[in-house]
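Please read this note alongside the model.

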Amino acid sequence: MTTAKQSVVDTPEEGDDPSRPAAWQRLRSANTLWIGLVLLALCVVFGALRPEAFLTLFTAQTLLIEASVLLVLAVGMTFVIITAGIDLSVGSVLVFAGVVGAKTMEALSPGGDATDAGWGVIAAGLVVSLLGGGAWGLVNGLLIARARIPALIVTLGSFGAALGAAQLITDGVDVRTVPSALANTLGSGTSLGVVPNLVLLAVAVTVLGDLVLRTTRFGRHTYAIGSNAEAARRAGIAVTRHLVLVYLLVGLLAGLAGFMSLAYFRTTTISGHSTDNLNAIAAVVLGGTSLFGGLGSVLGTVIGVFIPAVLTKGFVILHVQAFWQPIAVSVVLVAAVWFDQVRRRARNRS
Amino acid sequence: MSEPILELRGINKSFGAVHVLHDVDFTVRAGEVTALVGDNGAGKSTLVKCIAGIHPTDSGEVLFDGRQVSIHGPKDAADLGIEVVYQDLALCDNLDIVQNMFLGRERGKAGVLDEADMEQAARRTLASLSVRTVKSVRTPVAALSGGQRQTVAIAKAVLWDSKVVLLDEPTAALGVAQTRQVLDLVRRLAEQGLGVVLISHNMNDVFEVADRIACLYLGRMAAELPTKDVSHSQVVELITAGRSGDLGIARPDMAAV
Ligand SMILES: Nc1ncnc2c1ncn2[C@@H]1O[C@H](COP(=O)(O)OP(=O)(O)OP(=O)(O)O)[C@@H](O)[C@H]1O
Ligand SMILES: [Mg+2]
């Protein structure tokens, strides 16, 4: 049933319609352009004020590295928010995945010390981290899409439960033996001389996420469900299954982020991720993705991740008190959402 | 008289305690336009949604092409070749015209979309419906007028190689010229051998295009007749009272004894 019926319709008149989906137009419509200009302006201002400190390779590297883990979380969050959902559990799932990955590597190492573990053990740790993250994602997805419990409640539950589980497994004490081979390559190694490996991995995830969202059926259905779930259902899309897959995806990415964090910090940082969820959501929304669903882009999310990151760096370099950073980010965030609202109201009036 | 392509027998449907469809029989014939009429709340849209697999029925059977079928979801209906234009249109506001028309049945290989191909097909179908006021097929549906949206919903249904097309008040928001186009399209689809069901409150339209008229009254099929055998006023009576002379359902008080 996928052939167009040509006989029903008249012969085509070649439309007077040369418009490709201008990437430009989409950027503009999704707020991305505006927020991209804000990011650019921040870089220009900090660069102009302290070029010798801000415009350095080292600053660029640390900026990118520090944003990598959040970027991976935010790519998954973009999918969830486009379906008009939310996932508050990503930070805790990250911790849980890191803990089970680290514990696995310790268990597979002689004497329970994974510092000298080889690649086989590291691979096992990665798989367990991904499984751990994916399991939470699957549970979230099933409760939200099948049992129809609001995403806010379900993921608030798993936000607490995943962290609690991680603390139960470790007795609340961070796992500190992380394989050096892992830390020295993924954690602090570089490729091509200057590009940190952690950043490369985050870029790969981002590019893949962007392609899936923009060019595949899966991405199209993600937008459709966020836009009008009932219409998607009537069009024959398996909405429940798709939502489960989206939450599974964000869980897997949180698992990967947990492993990346493990490699970078060389410890599980159990108490260090309580606001990751809010940071990821803020980044996604800053990037023009609508909390009402149906609208958004991974490119926007990238910009949204870097605005707080650049602000933090810039404030440190300018010796502005670090406490200003959350205030500045909040102002930009609220402004971005307000813009979205105004745009919607203007549209609904027409 | 042509073959029944779709036949419903004894369909019952309740929403909780509300019994909306009572033992409804309904026949759609290939190559004919069947008008489905009835007052507001008579159950027309519900019947269409039962056929489309959106509402599960409580009892009754569905025959397609003489075979008994069970339609468990929109996909089953589409696979049989049943297309629906819903009264509420069921479009995704944030998606553009092309994306809406191909929703759920996107073209492409291995999950990757073939946008150019879909855009061309969409443009061809829209041109045939004389949609000239839409600037670009890449306009988000949110930016379209009510009539334009309705045309998109219709184009979405005729894009496919279907056997039965159900249109739930497809001309409600359309202008004179667009209504003309849709009525012509309805006839054209029937001439090509499709079974067409048209739901409308406009008696002139019904009498112009329909070969048969089916009238629902409070969830019961009051009458199913060839258009030429009934008059305007008889149909109006059937719609409002469920009976007209010896046509229609027996008086409720008579049915009770
Ligand atoms: N999802 C639902 N849940 C509960 N009741 C419903 C539902 N859908 C329809 N109904 C009820 O079923 C009855 C028939 O509704 P339906 O929409 O089929 O009428 P209709 O004939 O299409 O009317 P109209 O001409 O106004 O479109 C109404 O009384 C309505 O309240
Ligand atoms: Mg109706």
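1. Two elements of chain B, β2 (18-29) and α1 (44-52), each supply at least two residues of the shell around ligand 1. The largest share, 3 residues, comes from α1(B). Helices (H or I, at least four residues) and strands (E, at least two) are DSSP runs, numbered from the N terminus. A residue is near a molecule or strand if its C-beta atom, placed from the backbone, lies within 6 Å of it.

2. This is a predicted model: local features need pLDDT of at least 70, side-chain atom pairs count only at pLDDT 80 or more, and totals for chains, interfaces and linings use all residues. Residues are numbered from 1 along each chain as its sequence is written, while chains are lettered from A and ligands numbered from 1 in the order in which they are written.

3. Which residues are around ligand 1? Among them are F15(B), V18(B), V20(B), G38(B) and N40(B). By class, the shell has 4 nonpolar, 7 polar and 1 charged. Here Ala, Val, Leu, Ile, Met, Phe, Trp, Tyr, Cys and Pro count as nonpolar, Asp, Glu, Lys and Arg as charged, and the others, Gly among them, as polar.

4. Chain B holds 9 helices and 14 strands. Its radius of gyration (taken over C-alpha atoms) is 19 Å, close to the 18 Å that the globule rule (2.2 Å times the number of residues to the power 0.38) gives for 257 residues, so chain B is as compact as a globular protein of that length. The C-alpha trace of chain B spans about 65 × 40 × 35 Å along its principal axes.

5. Now chain A. Helices α5 (residues 90-107) and α12 (residues 239-265) of chain A pack at an angle of about 60°, with axes 7 Å apart. Axes are lines fitted to C-alpha atoms, for helices over the stretch in contact, and angles run from 0 to 180 degrees between N-to-C directions. The contact (C-beta atoms, placed from the backbone, within 7 Å) includes V90(A) and G101(A) of α5(A) and V250(A) and L262(A) of α12(A). Its residues divide into 11 nonpolar, 6 polar and no charged.

6. The axes of helix α8 (residues 180-187) of chain A and α12(A) come within 7 Å and cross at roughly 100°. That makes α8(A) roughly perpendicular to α12(A) (65 to 115 degrees). L182(A), A183(A), L186(A) and G187(A) in α8(A) meet M260(A), A263(A) and Y264(A) in α12(A).

Terms used: Contact = placed C-beta atoms within 7 Å. Parallel < 35°, antiparallel > 145°, perpendicular 65-115°, else oblique.
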